[in-house]
Amino acid sequence: MKQYAFMPLIILIFLSASLYTLSADYFIIANENVPENKIDRQRLRDIFLGNTGNWDNGGRIILATLRRGKARDSFLSDIIGRTSAQFDRYWKEKAFTGKGIAPKILENDESMIDFIASNDGAIGYTDTMPEEDSKVKIIKID
Amino acid sequence: MSKRFIMFLLSFLIAAVPLLASDWLEDIIINGFISQGYLKSNYNNYLARTEDGTFEFNEFGLVVQSKISNRLSMGAQLFSRDLGYEGNNDIVLDWAYGDYHFSDAFGIRIGKLKMPYGFYNQIRDVDFLRPTILLPLSTYAEDMRAVVGSYVGTNLYGTFKLGAMGRFDYELGYGALNIDADSPFIKSLYDTVSASIPGNPEIYDRSTHAKYVYGGYLRWSTPIPGLRLGMNAGWTTIDYAGYADIPNVGKARILFDHEYIYNYIYSMEFMIGNLNITGEYHTIKTDYNITVLGQTSTIPIDPYGYYGQISYRLADWLELSSYYSEFFKDKNDEEGQRYIDQGLPAFFAWQKDLCFTARFDLTLNWILKLEFHKMSGAAFVHSFDNPDGIEEDFNLFAAKATFNF
């Protein structure tokens with residue numbers, strides 16, 4: 001039986017890897033000058049719902065979101081707790097009452113990375129992990 | 001809001017542009033919407049000439065806003081609408097303000113502002129932001145738009161994060177009310193006062209004036225995911241004046257006022273997945289002081305109403321909603337005895353509405369809604385719209401298409 005003693009550990013490692021894969025449906029990315037490298041879920045939610053308008057250093061937060069796709073659905077469900085339609089309606093309500101400027105909508109990962117890299121204080125998410133030389137940083141979820 | 005004021009504001013903005021840094025011009029965001037609706041009732045003209053069916057039901061809005069600095073932003077909406085006697089597609093400055101955001105807990109807005117009043121008042125002009133075409137009349141009666149639309153003044157706002165206890169959002173406003181004296185609601189008030197004067201004479205050379213309005217809301221996003229509770233409070237006073245030719249007396253000055261109007265709304269929203277449940281209870285405390293020929297009489301009146309609404313999104317393109325709403329003109333006279341005493345039907349004292357809506361999101365920008373209302377009572381059905389009489393029960397069909405960008 002001794003040869004099976006490590007089985008629980010192997011299963012645990014396998015499950016952890018599976019869970020990591022599940023949680024990696026999206027990657028939170030930010031402009032390199034954003035002062036934070038790790039953000040907790042609540043703050044991330046506040047940021048993407050416009051309840052927090054500035055970074056800790058006073059710099060303006062610029063939001064970006066993908067128009068559609070698995071990453072968008074996973075991110076909105078996992079972090080924001082809203083469906084895609086509810087998120088759109090929430091931001092349109094802000095925009096049409098002058099209480100906020102809706103996130104920039106981008107069509108794909110490539111344009112998202114370009115936008116984040118070229119706008120100070122920008123934050124968004126992608127479906128695939130950005131390449132190392134893409135001039136954006138990956139934000140860890142605390 | 002006069003066209004002259006809009007021209008002044010636009011001229012001011014155009015003149016100010018060269019004086020300001022040009023960077024923010026690159027960040028100007030423009031959004032807009034166009035709605036066209038249709039209304040048809042089997043009995044009673046309600047909101048417009050609905051018995052014959054009417055397309056006098058549209059809205060256009062253009063929003064311009066920009067972030068000028070990390071903390072300062074400004075925006076404005078030009079708006080036009082038509083609903084029966086109201087709007088007639090005059091272009092108005094619906095809201096326009098500068099917003100300085102000191103911190104998440106405190107910001108200030110100055111300008112022409114939408115009244116904080118229940119969950120939906122600030123977005124009531126924007127059809128595609130709500131599940132139904134007509135909002136529940138217990139809180140958002142179209143007639144009341146003349147009084148609760150917007151004000152010129154200031155507004156403090158912010159958010160307090162309470163960790164495990166959730167979050168509080170607040171808005172506090174103070175300013176001067178803009179009242180449209182030709183709106184059906186104000187017109188119906190003059191008619192009510194006229195009915196209390198011997199000979200029922202028409203009141204002419206009318207003037208309506210609101211001294212101030214202050215109020216705000218507090219909303220608690222509770223620790224229970226998706227559950228939000230809110231409370232609104234608002235206070236104002238309104239003066240009305242005019243003349244009437246009274247039989248055997250001649251021309252007489254007519255004065256009446258709401259010495260106070262206290263407005264309270266208690267709100268609840270629960271959102272889980274594609275299901276959204278909303279309810280609001282609305283109560284008003286006010287009185288009429290009516291002065292005719294130097295004699296003043298006071299009529300206390302406490303209107304109230306409530307609604308419960310449920311919406312479920314079945315697919316990206318389809319959402320079904322239903323609400324039931326009840327409104328009573330006076331909490332102390334729900335049976336309408338006051339109207340019976342005047343020889344009028346008791347059902348003038350209330351209005352009840354059962355509504356079903358299908359919303360079709362045809363594309364990201366195009367929305368179509370179809371709606372059915374089963375109405376009972378005539379609190380907001382006006383005699384001047386229905387010279388041949390008013391029925392207690394009637395049905396209303398509404399359809400509306402909206403394009404937004």
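Strand β5 (residues 122-126) of chain A is largely enclosed by the rest of the structure, because 5 of its 5 residues are buried (under 20% relative accessible area, with exposed over 50% and partly exposed in between; 1.4 Å probe, protein chains only). Strands (E, at least two residues) and helices (H or I, at least four) are DSSP runs, numbered from the N terminus. Both faces of β5(A) are covered: A:Ala122, A:Gly124 and A:Thr126 lie on one side, A:Ile123 and A:Tyr125 on the other.

Strands pair if DSSP finds at least two bridges between them.

| Partner strand | Sense | Bridges | Opposite residues |
|---|---|---|---|
| β1(A), residues 27-31 | antiparallel | 4 | A:Ile29 and A:Gly124 |
| β3(A), residues 62-66 | parallel | 2 | A:Ile62 and A:Ala122 |

The charged end of B:Arg109 sits 3.8 Å from the ring centre of B:Tyr157. For B:Lys187 over B:Phe384, the distance is 4.4 Å.

Ring pairs also link B:Tyr174, B:Tyr212, B:Tyr214, B:Trp235 and B:Tyr264 into a cluster (rings of Phe, Tyr and Trp, the latter by its six-membered ring, with centres within 6.5 Å; planes under 30 degrees apart are stacked, over 60 edge-to-face, the rest tilted).

The model is predicted: local features need pLDDT of at least 70, side-chain atom pairs pLDDT 80 or more, while totals for chains, interfaces and linings use all residues. Residues are numbered from 1 along each chain as its sequence is written, chains are lettered from A and ligands numbered from 1 in written order, and side-chain values use heavy atoms, without hydrogens and water.

Notes. A charge sits over a ring if NZ of Lys or CZ of Arg is within 6 Å of the ring centre and within 35 degrees of the ring normal.
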